[in-house]
Amino acid sequence: MAAKGSHHVPHPPRFPVEVWQNIFELATEVPYTLVPGLYEKSDCIRDQHSALEAALATKRSLVLVCKQWQRMTMCYLYRIALIRTGFDLLALDHTLQNYAAGNGSFVGTRSPGHWTQRLDITLDLSDESKCEELDRCVKRLADVIGSLPKLEIVSFAIPASVVIMPFRVLDALRCSANSLRILDWSGRHFLPQVHQLEELLRDLPYLRVLHCHQLVWANGIIPSSILSTLTTLAVEDLVERVGHPGEGDLREACVSLREFILYGGRTTPQEFLIHYGKFLMVVKWYSTFSDCFGEALDLLNEYCPNLDRFTFRRHSLFSRCLPPMKTWSFPRISYLGAKLDVLDFRGLLQFLAHLRNTVPTLRVFQLICPRVVEELLEGCPRASALKDLNEIPFRVEDDRGNLLSDRLLRSHSTSGGAIRNHSGKW
């Protein structure tokens, strides 16, 4: 290693660089947070922030070990950038400017911004004291985004801001136009104006996943220039606007959409499903308005003939606001996910029996919420539960994709409980 104060490039490590890279990768990786893994979990972007912050702390510890490790781990440190405070923004901007001027920590090394694949911005702009004066903060944010030319994922989760997304920030995103794959604007704040969003989307030729609070359309049709490469669309509301420039017909050859995610809509997007339902293979219905659930199932059955995976969110399977379970008619799907707030084992068995009798194509049922899974396992009679689950002809999984029966077996193994007696089933 170079002597203290020396500016020479550090000596190569004793182990091959590839070995260190594997070690650093294992120490800092957070699953499903980068492309292509995030395509499967794009609705979980906001839920990943805690895990990313923990991984960032580990990366910073590795960088501080020595100059040699700092050089080897810089690509991991800057692979995912988190801007949570004004200090984060200032520090990142300062680093990028130093490298652009040739004054980086390692002379001759390209800017670490070329390693950044994901940018998450949770900066609070409602309190200007946290990020200096607002205009200066916005300019600095635009400069940072413009210095990250290989971004694949950008997520805006700016709380309680009354600021409309400035044009300079939108324009900075165009620096990553050829690499950007996932754009998350699902929050309610710091949003672009409608025409600015549409213009930006037309300039992102390889965008595959779009999360936005609302999308404006006309005649029930979204411009095909937006949907030509988009495979996943997540919205809270689809807004029909009179006089909004739309297209007179749907160019089916230009539609790549395969997944639709709905958050909190008070009404079912019937017009959308009429036009685009035949393309959809995955639907995630996270609306919490129970009175629309039966109608939603009817629409999916009628307009989504190719649907294979369906995930829904409900407070409970049993509610006065919900129609009786026996009236629920799920599509002929192979996967069903349920994100519930309350569930007991008796209710689970009733629901599984209903699925067994009405959805013969079902292969997997999954409980999405970790807390509900834990409470369910704690409150059920293990021996009888295994017996009842043995009769279910499809997989029942916990939030991690493991068999629920395996979780029961592990908790019951010390008392010599029953074992799973057929593979692929319970």
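Predicted model: local features only at pLDDT ≥ 70, side-chain atom pairs only at ≥ 80, totals over all residues.

Q: Let's pick one. How do the rings of F293 and F312 sit relative to each other?
A: Their centres are 5.2 Å apart and the planes meet at 45°, so the pair is tilted. Stacked would need planes under 30 degrees apart, and edge-to-face over 60.

Q: And where in the chain do F293 and F312 lie?
A: F293 belongs to helix α10, which covers residues 293–303, while F312 is in strand β9, residues 309–314. With 19 residues separating them, the pair links distant parts of the chain.

Q: Is F293 buried or exposed?
A: F293 is buried, as its relative accessible area is 0%. F312 also has 0% relative accessibility, so F312 counts as buried.

Q: What about F293 and F330, what kind of pair do they form?
A: That one is edge-to-face, with 65° between the planes and 6.4 Å from centre to centre. F293 is in helix α10 but F330 is in the loop between β9 and β10 (335–340), so the pair ties together parts 37 residues apart in sequence. F330 counts as buried because its relative accessibility is 4%, and the cut-off for buried is under 20%.

Q: Nice. Which residues form one aromatic cluster with F293?
A: The cluster consists of F293, F310, F312, W328, F330, F351 and F365.

Q: Switching to charges: which ring does R309 lie over?
A: R309 lies over the face of Y335, 3.9 Å from the ring centre. There is also K339, whose charged end sits over the ring of Y286 at 5.6 Å from its centre.

Q: Zooming out, what is the secondary structure of the protein chain?
A: The protein chain has 14 helices and twelve strands.

Q: How many residues are there, and what share count as buried?
A: The protein chain has 426 residues, and 50% of them count as buried. Its accessible surface is about 20,800 Å², with 51% of that belonging to carbon and sulfur atoms.

Q: Last one: what share of the contacts comes from residues 24 or more positions apart?
A: Among contacts in the protein chain with a separation of 6 or more, such residues account for 74%.

Methods:
Residues numbered from 1 in each chain as written. Heavy atoms only, no water. Helix = DSSP H or I, 4+ residues; strand = E, 2+ residues; numbered from the N terminus. Buried < 20%, exposed > 50% of the residue type's maximum accessible area, 1.4 Å probe, protein only. Contact = heavy atoms within 4.5 Å. Areas by Shrake-Rupley, 256 points an atom, 1.4 Å probe, with all protein chains shown as cover. Phe/Tyr/Trp six-rings, centres within 6.5 Å; stacked < 30°, edge-to-face > 60°. Lys NZ or Arg CZ within 6 Å of the ring centre and 35° of its normal.
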